Amino acid sequence: QVQPVESGGGVVQAGGSLRLSCAASGSIFDINGQGWYRQAPGKQRELVAYITSTGNTMYANSVKGRFTISRENAKNTVYLQMNSLKPEDTAVYYCVVNVPYDSNNSKDFWGQGTQVTVSS
């Protein structure tokens, strides 16, 4: 089993920065990709950022230019650097790790989430 664990959430004023970390524990031999999702109260969960095994990155339009996703492959760890934070960024942030189990199939493993609160 793969268990991602998030850390780095907290409370920050608008315009400030936070860095989230997600370390994937367990027996991991390969990773297809890693990403960050978020869910605000009363809203559906949405994709924030994603990074593939080749290093290609994707961002939601609402965070592009402010957030940066990166990884340390040897540690099975993915980061989300969040700058110029806005109150609308307030949400629970979830890490997901996609792991192959054969040449044509893979599974998603989700973290428990970490709260990010941005005050006005």
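## Reading the salt bridges, disulfide and core

Me: How many salt bridges does a search of the whole structure find?
Reply: This is a predicted model. A search of the whole structure finds 4 salt bridges. One of them pairs Asp-89 with Arg-38, with 3.0 Å from N to O. That pair links distant parts of the chain, 51 residues apart. Asp-89 sits in the loop between strand 8 and strand 9, and Arg-38 in strand 4 (residues 33-39).

Me: Are Asp-89 and Arg-38 buried or exposed?
Reply: Read the relative accessible area; under 20% counts as buried. Asp-89 has 1%, so Asp-89 is buried. Arg-38 has 7%, so Arg-38 is buried as well.

Me: Which arginine forms a salt bridge with Asp-89 at 2.8 Å?
Reply: Arg-66 does, with 2.8 Å between the closest N and O atoms. Arg-66 lies in the loop between strand 6 (57-59) and strand 7, while Asp-89 lies in the loop between strand 8 and strand 9, so the pair ties together parts 23 residues apart in sequence. Both Arg-66 and Asp-89 are buried.

Me: Where is the place of Glu-46, and what is Glu-46 in contact with beyond its neighbours within four places in sequence?
Reply: Glu-46 belongs to strand 5. Leaving those neighbours aside, Glu-46 is in contact with Trp-36, Tyr-37 and Arg-38. Its side chain makes a polar contact of 2.8 Å with the side chain of Arg-38.

Me: What is the relative accessible area of Glu-46?
Reply: The value is 34%.

Me: Which residue forms a salt bridge with Lys-75?
Reply: Glu-72 does, with the closest N and O atoms 3.7 Å apart. Lys-75 is exposed because its relative accessible area, 55%, is over 50%. Glu-72 is partly exposed, at 32%.

Me: Which cysteines form a disulfide?
Reply: A disulfide is a covalent bond between the sulfur atoms of two cysteines. The count here comes to 1 disulfide. Cys-22 and Cys-95 form it, with their sulfur atoms 2.1 Å apart. The link joins distant parts of the chain: Cys-22 in strand 3 and Cys-95 in strand 9, 73 residues apart. Next, read the angle about the S-S bond. At -80°, the link of Cys-22 and Cys-95 is left-handed.

Me: Are Cys-22 and Cys-95 buried or exposed?
Reply: Cys-22 is buried, with a relative accessible area of 2%. Cys-95 is buried too, at 0%.

Me: Which residues touch the most other members of the largest nonpolar core?
Reply: In soluble globular proteins, nonpolar side chains tend to be buried together. The largest nonpolar core in this model has 27 residues. Trp-36, Val-48, Phe-67, Leu-80, Met-82 and Tyr-93 touch the most other members.

Me: Which elements give two or more residues to this core?
Reply: Strand 3 (18-26), strand 5 (46-52), strand 7 (67-72), strand 8 (77-82), strand 9 (91-102) and strand 11 (114-119) do. Strand 9 gives the most, with 5 residues.

Notes
Residues are numbered from 1 along each chain as its sequence is written. This is a predicted model: local features need pLDDT of at least 70, side-chain atom pairs count only at pLDDT 80 or more; totals for chains, interfaces and linings use all residues. Side-chain values use heavy atoms; hydrogens and water are left out. A nonpolar core is a set of buried Ala, Val, Leu, Ile, Met, Phe, Trp, Tyr and Cys residues joined through side-chain atoms within 4.5 Å. Buried means under 20% relative accessible area, exposed over 50%, partly exposed in between (1.4 Å probe, protein chains only). Helices (H or I, at least four residues) and strands (E, at least two) are DSSP runs, numbered from the N terminus. Contact means heavy atoms within 4.5 Å. A polar contact is a pair of N or O atoms within 3.5 Å; within protein, one must be able to donate a hydrogen and the other to accept it, and residues adjacent in sequence count only if both atoms are side-chain atoms. A disulfide is a pair of cysteine sulfur atoms within 2.5 Å. A salt bridge is a side-chain nitrogen of Lys or Arg within 4 Å of a carboxyl oxygen of Asp or Glu.
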